[in-house]
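This report covers a ligand site, some backbone details and the packing of helices. The sequence and structure come first.

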Amino acid sequence: MDIHEHQAKEILAGFGVPVPRGGLAYSPEQAAFRCRELGGGPCVVKAQIHSGGRGEAGGVKLCKTEAGVREFAGGLLGRSLVTKQTDASGKQVYRLWIEEASDIQREMYLGFVLDRKSERIMIVASGHGGMEIEDLADEDPDSLIRMVIDPAVGLAEYQARKLAFRLGLKGPQVGQMVTVLRACYRAYRDLDATMVEINPLVLTGDGTLVALDAKMSFDTNALFRRSRVAALRDPGQEDPRECFAADHGLAYVGLDGDIGCIINGAGLAMATMDMIKLAGGEPANFLDIGGGASPERVCQAFRTVLSDAKVSVILVNIFAGINRCDWIAKGVVQAYKDVGIDRPVVVRLSGTNVAEGRKIIAESGLPIVSADTLADAADAAVAARPKSQAA
Ligand code: GDP
Ligand code: MN
């Protein structure tokens, strides 16, 4: 789960990372008020969206006066911001962070990530900040400093000092850097984060370190025990289809094709998408309804898939181990009643209680196409597409 820059800054500041003073605004008037609060400018106006690359996309601007803040805020709010990290439709801007401007002497990059190879938290740092890490890795790979943290010891003071020296910091800046590093590490570890990034971390004219940007992501599987982090979720920044699915416990990923998929098991879902492609079709989504799916859950799966207007046919493919084919079949029949299915449906059932499941489908009198094997099901789904859709 991603959070906004201002939320990440608040969290990191709580652990001891120095951040500029600032405030939130949801309207141009509030933005102007924030600017006045901060002394009347100059201020930096920053679009709060779940994406980096805002600077290049016109979502971050240094404004000298309150009037300038008001004007820029007015142009930004309500707009969709397309960055190189978003898709073509971009992300909606409906909150701004107004921050006192900093006198930037030097920009650095600082990131904490999970290194899967060593199974440990790793610090990635560079003396060249401002650029995205991918570009840094391409253009100046030698500047990247990597440091793995031993979980039994935590981030040792000597390690943090060594990193500060390698970044070329001197005198009191070394101590400040140690504070920043230890704070980020504690925030990462204590809150079940998967990523902490400060880019840029800057050295200001008076020689102090400040986090000008901050980004944090969290492990969704740990959110149940991090209620304060969970409350920071902003569904307005998520794909509405994926959002709806997540709220109903379904693993769903939206894709570009027109064959909607309702499947149990991630492996079978992947295999089914391959079979659809082999049969000449394109899947509209990945959807794993999981084990032990009740008829209600099947209905929610139908709702999720049907919320995508591109879907022209639905393929239900169940290999029931923990699941029960009769429950799935009941769910399909119930979905016709409750959800109102207006597109062809192909169902392939196999495994536990398959005879009962097929009987329910056959006796329902509904126009459901039954298929025996995975290949039959994919062929039937492709054949059931309206003529205009077929290649
Ligand atoms: P991102 O593009 O989404 O990563 O957004 P950032 O918060 O990193 O802002 C983009 C750039 O704006 C930074 O790399 C800085 O160069 C610049 N910037 C941000 N805050 C300030 C500020 O307070 N003063 C000045 N002069 N520049 C700033
Ligand atoms: Mn940044």
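## Basis

Helices (H or I, at least four residues) and strands (E, at least two) are DSSP runs, numbered from the N terminus. The model is predicted: local features need pLDDT of at least 70, side-chain atom pairs count only at pLDDT 80 or more, and totals for chains, interfaces and linings use all residues. Residues are numbered from 1 along each chain as its sequence is written, chains are lettered from A and ligands numbered from 1 in the order in which they are written, and side-chain values use heavy atoms, with hydrogens and water left out.

## Shell around ligand 1

Three strands, S2 (43-47), S7 (104-115) and S10 (193-204), each contribute at least two residues to the shell around ligand 1. A residue is near the ligand if one of its heavy atoms lies within 4 Å of it. There are 16 residues around ligand 1, and those that come nearest are Lys-46, Arg-54, Gly-55, Ser-102 and Glu-107.

By class, the shell holds six nonpolar, five polar and five charged residues. Here Ala, Val, Leu, Ile, Met, Phe, Trp, Tyr, Cys and Pro count as nonpolar, Asp, Glu, Lys and Arg as charged, and the others, Gly among them, as polar.

## Polar contacts and cover

A polar contact is a pair of N or O atoms within 3.5 Å; within protein, one must be able to donate a hydrogen and the other to accept it, and residues adjacent in sequence count only if both atoms are side-chain atoms. Lys-46 places a polar side-chain atom 2.5 Å from an oxygen atom of ligand 1. For Asp-213, a polar side-chain atom is 3.1 Å from a ligand oxygen atom, while for Asn-199 a polar backbone atom lies 3.2 Å from one. On its own, ligand 1 has 560 Å² of accessible area (Shrake-Rupley method, 1.4 Å probe), of which the protein covers 81%.

## Backbone details

Most residues other than glycine have a negative phi, and most peptide bonds are trans. The bond from Asn-199 to Pro-200 is cis, with omega near 10 degrees, and Pro-200 is found in strand S10. Another cis peptide bond joins Gly-41 and Pro-42, with omega about 0 degrees; Pro-42 lies in the loop between helix H2 (28-37) and S2.

Glu-119, not a glycine, has a positive phi of about 60 degrees. Glu-119 sits in the loop between S7 and strand S8 (120-126).

## Helix packing

Helix H11 (residues 325-338) packs against helix H12 (residues 354-363) at an angle of about 15 degrees, with the axes 7 Å apart. Axes are lines fitted to C-alpha atoms, for helices over the stretch in contact, and angles run from 0 to 180 degrees between N-to-C directions. H11 and H12 are therefore roughly parallel to each other (angles under 35 degrees count as roughly parallel, over 145 as roughly antiparallel, 65 to 115 as roughly perpendicular and the rest as oblique).
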